[in-house]
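Colleague: I am new to reading protein models, and I would like to learn how to go through side-chain contacts step by step. Could we look at one together, beginning with the charged groups and then turning to the rings?

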Amino acid sequence: MLTKFKPSFSIFILCLFGVFNLCAQETYDKYYNSVISADFLSDENLKNRVDLLNFDLHFLNAAVFHLTNIERSNADLPLFDFYDNLYKSATLHSESMIEYNYFDHVNHIQKKWRTPKDRILYFDSSYWSLAENIVENNLLEHKGDILKYRTVTNEDGTVQYFDLNGNEIKYGSYFYIAKRIVFQWMNSPPHRANILADNLRLLGCSCAIDETKVPVMIRCTQNFGTIK
């Protein structure tokens, strides 16, 4: 595991959340508080392929959230309520996993954010139940569990991906990527158990990408909780 120590990272994150809070409410209202899952998932923009130059992570995070609620609905369980403090702790962990190049529930680099409990309770200490899911994948749209590809680097530095038959592999749509992420969790018994846990009622989902990886990597975190 590659580790890079940057003393300013935690300070940067805290400052980031200070700015984040100033404009976050508009995002919360647009994607969570003023829309139900079925209506959000009917948005035609979800069919758009992601563009690294104009990647709307807030939109993708919301798609993951609402698709998770569809799984709850299918199981006749109460839908998750969006909770901004869980969104913050999920964002913190996804960004940290990308920044320090690890994939784990335990942050071995930053002791302050070591465990899910450390991260979640930092933003709100009133939970009586909490849990965390994480997942790792890439942004390419492909069939099957194994991705086989070759790359071509263009003069402008962009990378194209091709399968073994010479067909271009393109980036997936927002819906495709969010659906695949939730599918991964639902096909893993411990992650599925968190999504379908009746004692968990609040949720925040957040993803981060690493454009230095080939193909581009995405790591996502779901933080769950129930307030006392």
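**Charged pairs and ring pairs**

Modeller: R201 forms a salt bridge with D198, and their closest N and O atoms are 3.4 Å apart; a salt bridge here is a side-chain nitrogen of Lys or Arg within 4 Å of a carboxyl oxygen of Asp or Glu. Before we go on, note that this is a predicted model, in which local features need pLDDT of at least 70 and side-chain atom pairs count only at pLDDT 80 or more, while totals for chains, interfaces and linings use all residues. Residues are numbered from 1 along each chain as its sequence is written, and side-chain values use heavy atoms, with hydrogens and water left out.

Colleague: Are R201 and D198 buried, partly exposed or exposed?

Modeller: The general idea is that buried means under 20% relative accessible area, exposed means over 50%, and partly exposed lies in between, with a 1.4 Å probe and protein chains only. R201 has a relative accessible area of 34%, so it is partly exposed, and D198, at 44%, also counts as partly exposed.

Colleague: How many salt bridges does the structure hold?

Modeller: In general, side chains of opposite charge can pair when their charged atoms come close. This structure holds five salt bridges, and one of them joins R49 to E141, with the closest N and O atoms 2.8 Å apart. That pair links distant parts of the chain, 92 residues apart, since R49 is in the loop between α2 (37–40) and α3 (57–74) and E141 is in the loop between β2 (127–138) and β3 (150–153). Helices (H or I, at least four residues) and strands (E, at least two) are DSSP runs, numbered from the N terminus. R49 is partly exposed at 43% relative accessibility, and E141 is partly exposed at 33%.

Colleague: Which residue forms a salt bridge with R119?

Modeller: The partner of R119 is E132, and their closest N and O atoms are 2.9 Å apart. R119 belongs to helix α5 (residues 116–123) and E132 to strand β2, so the pair links distant parts of the chain, 13 residues apart. Both R119 and E132 are buried.

Colleague: Now for the rings: how many aromatic pairs does the structure hold?

Modeller: A pair of aromatic rings is described by the distance of the centres and the angle of the planes. Rings of Phe, Tyr and Trp (its six-membered ring) pair if their centres lie within 6.5 Å, and planes under 30 degrees apart count as stacked, over 60 as edge-to-face and the rest as tilted. The structure holds 18 aromatic pairs. Among them is that of Y28 and Y87, whose centres are 6.1 Å apart and whose planes meet at 80°, so the pair is edge-to-face. Y28 sits in helix α1 (residues 9–33) and Y87 in helix α4 (residues 84–99), 59 residues apart, and both Y28 and Y87 are buried.

Modeller: F65 and F82 also form an edge-to-face pair, with 6.1 Å from centre to centre and 80° between the planes. Because F65 lies in helix α3 and F82 in strand β1 (residues 81–82), the pair ties together parts that are 17 residues apart in sequence. F65 counts as buried at 3% relative accessibility, as does F82 at 14%.

Colleague: Which residues do ring pairs link into a cluster?

Modeller: The cluster linked by ring pairs consists of Y28, Y32, F65, F82 and Y87.
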